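Keep the structure open as you read.

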Amino acid sequence: MGNAHFDDQYSHQKVEIPAPKPFLKTLKSCVKETLFPDDPFRKFKNQSLTKKLALGLQYFVPILDWAPRYTFQLFKADFIAGITIASLAVPQGISYAGLANLPPVIGLYSSFVPPMVYAMLGSSKHLAIGNVAVPSLLISAMLGRVVNPHDNPKLYLQLVFTATFFAGVFQASLGLLRLGFIVDFLSHATILGFMGGAATVVCLQQLKGILGLVHFTHETDIVSVMRSIFSQLHQWRWESGVLGCCFLFFLLLTRYFSKKKPAFFWISCMAPLTSVILGSVLVYFTHAEKNGVQVIGHLKKGINPPSYSELAFSSQYLTTAIKTGIVTGVIAMAEGIAVGRSFAIVENYHIDGNKEMIAFGMMNIAGSCTSCYLTTGPFSRTAVNFNAGCKTAVSNIVMATAVMITLLLLTPLFHYTPLVVLSSIIISAMLGIIDYNAAIHLWKVDKYDFLVCISSFIGVVFGSVEVGLIVAVAMSLLRILLFVARPKTFVLGKIPNSMTYRNTEQYSAASSVPGILIIHIDAPIYFANASYLRERISRWIDEEEEKQRTLSEIELQYVILDMSAVGNIDTSGISMLEEVKRNADRRCLKLLLANPGGEVMKKLDKSNFIDTIGKEWIYLTVGEAVNACNYILHTCKFQSKRIESSTIPDDNV
């Protein structure tokens, strides 16, 4: 009877070794999963050549896909949304151009050509294209160190166009090469802290306009800015300060009202343009420009002049321009894709991150050749576009058309626009970027993420924008390395009245099995963590032996490694398992494996480790492994060499 039962126990389902695949086939599968997780080629299967060409064209130029189905009803919604965001795009474009130390008209140019390009190539229905504050600040900070925008404005402008060109090339290359996952290394906590710090720096920089100062530091850290402000107390203009505070209060009040009454979102949308109009009228009739209130002055009339001949490929500062383009391109791309995905989730549709990168890249390449600087999809403008009821990317075309009309006919009206109003608009927009609640949420959920966020924030505010970005990315990568190098391991226990085994620290009801130690490894086993896992497994064994001696239970005789979470293993990992096996043998313990995956089994087989441990000691589940161990312990009178010679009690026979 006992022998029959023993045979039943060992007729368990064997863990199979996957059939070998040719190397090229395996490599192809790996590359496909890495670069094409969304399988964009499936719709090309079983199609004629003509159909494939049409589908390929629609893939790279999405407007060809949805334009034939476009209706007048959709246009009415897009027209209203386009006009609404145009009212925001004009003052923001002028303001952010000033933040980048560029002529105000460059900001208007950047709201004309890039949105047109994106409308044809982009996959988001709601993303509204325009320049944004943080990349503008980055451009000013990085290029301003090598070329003074006031002393040599022509060279500075050429470098800005060149940086924009390389930002576009970098973005488009990432999309074409399907390398969009690189952006994922910028974690949510990293971006949150970086954006908050950059917004704080931007607000501090705008004190120049609020206080009517002419000379101001080019540094972005808080110490340099405050020193520059308080060293010029005698040059503060009370007229500018009063005007700036009044318009800032007006902008914040309209935003607060729109949040309380979402149906009146348009009030907050129209507030920036209203501020520009009111400020211009006030300055015109009071001649405030003669009393310390600085104005924009003359704006060149006409649409974007070509600037491809201005790209400074032979400049001695080309390296700086390339570096600026890559850094700002990554930040702009990460923000644009994140914003696009957020609104796509709300409306239950999908946007392709790689296609978005191509669209961003092409619009910035086109922009650099038509007197534009870096653009992306800012959250504020996209939120306005969404709330205004846009249905497709045509809203960007409507906005661009409105900006074109402004450039052709209305630029003289901005002559008397006070710079202090633009500073108020920027501060108002930046205060909305500093997300205190999100930082508090990080503190509650994950202290390390909060540390990454705060480190990024402090790096930007007290160092520079580049320092903050480097600190944040470095800490995010450090966390990845810690996850890889120090994976979680924990002991499993049995849940009463079940065959389920769970973490004994998480489940108080889970109890360890006498004589058996079950260790769960919660990560792939690589060279980076193999040594740590060897030491940690040894320590688990020491602790379990000491515990079972204290409790006078059956001494430890089996160690089961639950490998259900081990997705892969390298040669260092296999060497580690061999050492664990030898260590177990020296202690007179038996090592078992439970639920190793296909990749792990293939490598264990090729390395002959399966022969070393024995196929009969590899089980499909932890439950099967425990049952086999219990059977030997309690039925076959198995005795460990480490158990002292003594008479075994009858209930263990």
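Helices α21 and α22 cross in a right-handed way. A crossing is right-handed if the near helix is turned clockwise from the far one by less than a right angle, and left-handed if anticlockwise. Helices (H or I, at least four residues) and strands (E, at least two) are DSSP runs, numbered from the N terminus.

This is a predicted model: local features need pLDDT of at least 70, side-chain atom pairs count only at pLDDT 80 or more, and totals for chains, interfaces and linings use all residues. Residues are numbered from 1 along each chain as its sequence is written, and side-chain values use heavy atoms, with hydrogens and water left out.

The table gives the geometry of each pair. Axes are lines fitted to C-alpha atoms, for helices over the stretch in contact, and angles run from 0 to 180 degrees between N-to-C directions.

| Pair | Residues | Angle | Axes |
|---|---|---|---|
| α21 and α22 | 447–463 and 465–485 | about 160° | 6 Å apart |
| α7 and α16 | 113–121 and 353–368 | roughly 150° | within 9 Å |
| α15 and α17 | 318–346 and 379–387 | about 25° | 10 Å apart |

Angles under 35 degrees count as roughly parallel, over 145 as roughly antiparallel, 65 to 115 as roughly perpendicular and the rest as oblique. α15 is therefore roughly parallel to α17.

Which residues join α21 to α22? From α21 come Y448, D449, L451, V452, S455, S456, G459 and V460; they meet V465, V467, G468, V471, A472, M475, S476, L478 and R479 in α22. Contact here means heavy atoms within 4.5 Å. By class, this contact of α21 with α22 has 10 nonpolar, 5 polar and 2 charged residues. Ala, Val, Leu, Ile, Met, Phe, Trp, Tyr, Cys and Pro count as nonpolar, Asp, Glu, Lys and Arg as charged, and the others, Gly among them, as polar. The angle makes α21 and α22 roughly antiparallel.

Now take α7 and α16. They too are roughly antiparallel to each other. α7 passes α16 in a right-handed crossing. V113, P114, V117, Y118 and L121 in α7 touch K355, E356, A359, F360, M362, M363 and A366 in α16. That contact of α7 with α16 holds 10 nonpolar, no polar and 2 charged residues.

The crossing of α15 and α17 is right-handed. E335, V339, F343 and V346 in α15 meet F379, T382, A383 and F386 in α17. The residues of this contact of α15 with α17 are 6 nonpolar, 1 polar and 1 charged.

**Single residues**

Is T254 buried or exposed? T254 has a relative accessible area of 7%, so it is buried. Buried means under 20% relative accessible area, exposed over 50%, partly exposed in between (1.4 Å probe, protein chains only). T254 lies in helix α13 (residues 238–260). A polar atom of the T254 side chain lies 2.7 Å from the backbone oxygen of L251. Leaving aside neighbours within four places in sequence, T254 contacts I267, S268 and A271.

Two loop residues have a positive phi without being glycine. For N348, phi is near 60°. N348 sits in the loop between α15 and α16, and at 70% relative accessibility N348 counts as exposed. For N595, phi is near 55°. N595 belongs to the loop between β5 (590–594) and α25 (598–606), and N595 is partly exposed, at 32%.

Key. Polar contact = N/O pair within 3.5 Å; in protein donor to acceptor, adjacent residues only side chain to side chain.
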